[in-house]
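Reader: Could you walk me through this structure, please?

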Amino acid sequence: MAKEKSLEAVKAAAAKPKQKHSIVKYFKDARSEFKKVVWPSRKQVFNNTLVVIISLVVSGIAVWALDSAFGSLLMLLLGRYS
């Protein structure tokens with residue numbers, strides 16, 4: 001009995017026409033959401049950019065050092081290090 005009711009409910013929901021969202025409503029909603037955005041200040045953007053650049057340089061140096069160390073170790077193990 002419960003399966004019949006749930007099956008009927010699913011069929012009834014599928015039979016209902018879905019509401020169409022207009023493109024105008026979409027842009028109105030998007031505009032109202034953009035008004036809620038808190039944009040960072042110029043100083044915050046500069047500081048965050050600086051942190052990212054420093055992190056990239058430090059990470060690059062770490063990867064280079066590990067690559068050089070493992071490369072040297074491999075050459076030493078293979079006997080081709082001069």
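Author: Gladly! The chain averages a pLDDT (the predictor's confidence in each residue, from 0 to 100) of 85, and 73% of the residues score at least 70. This is a predicted model, in which local features need pLDDT of at least 70 and side-chain atom pairs count only at pLDDT 80 or more, while totals for chains, interfaces and linings use all residues. Residues are numbered from 1 along each chain as its sequence is written, and side-chain values use heavy atoms, leaving out hydrogens and water.

Reader: In which helix is confidence highest?

Author: Helices here are DSSP runs of H or I, at least four residues, numbered from the N terminus. Confidence is lowest in helix α1 (residues 2–15), with a mean of 64. The highest mean, 96, belongs to helix α3.

Reader: How many residues of α2 are buried?

Author: Buried means under 20% relative accessible area, exposed over 50%, and partly exposed in between, with a 1.4 Å probe and protein chains only. Helix α2 has 14 residues and lies largely in the open, because the number buried is zero.

Reader: How many salt bridges does the structure hold?

Author: Asp29 and Lys25 also meet in one, at 3.1 Å from N to O. The number of salt bridges in the structure is two.

Methods
Helix = DSSP H or I, 4+ residues; strand = E, 2+ residues; numbered from the N terminus. Salt bridge = Lys/Arg side-chain N within 4 Å of Asp/Glu carboxyl O.
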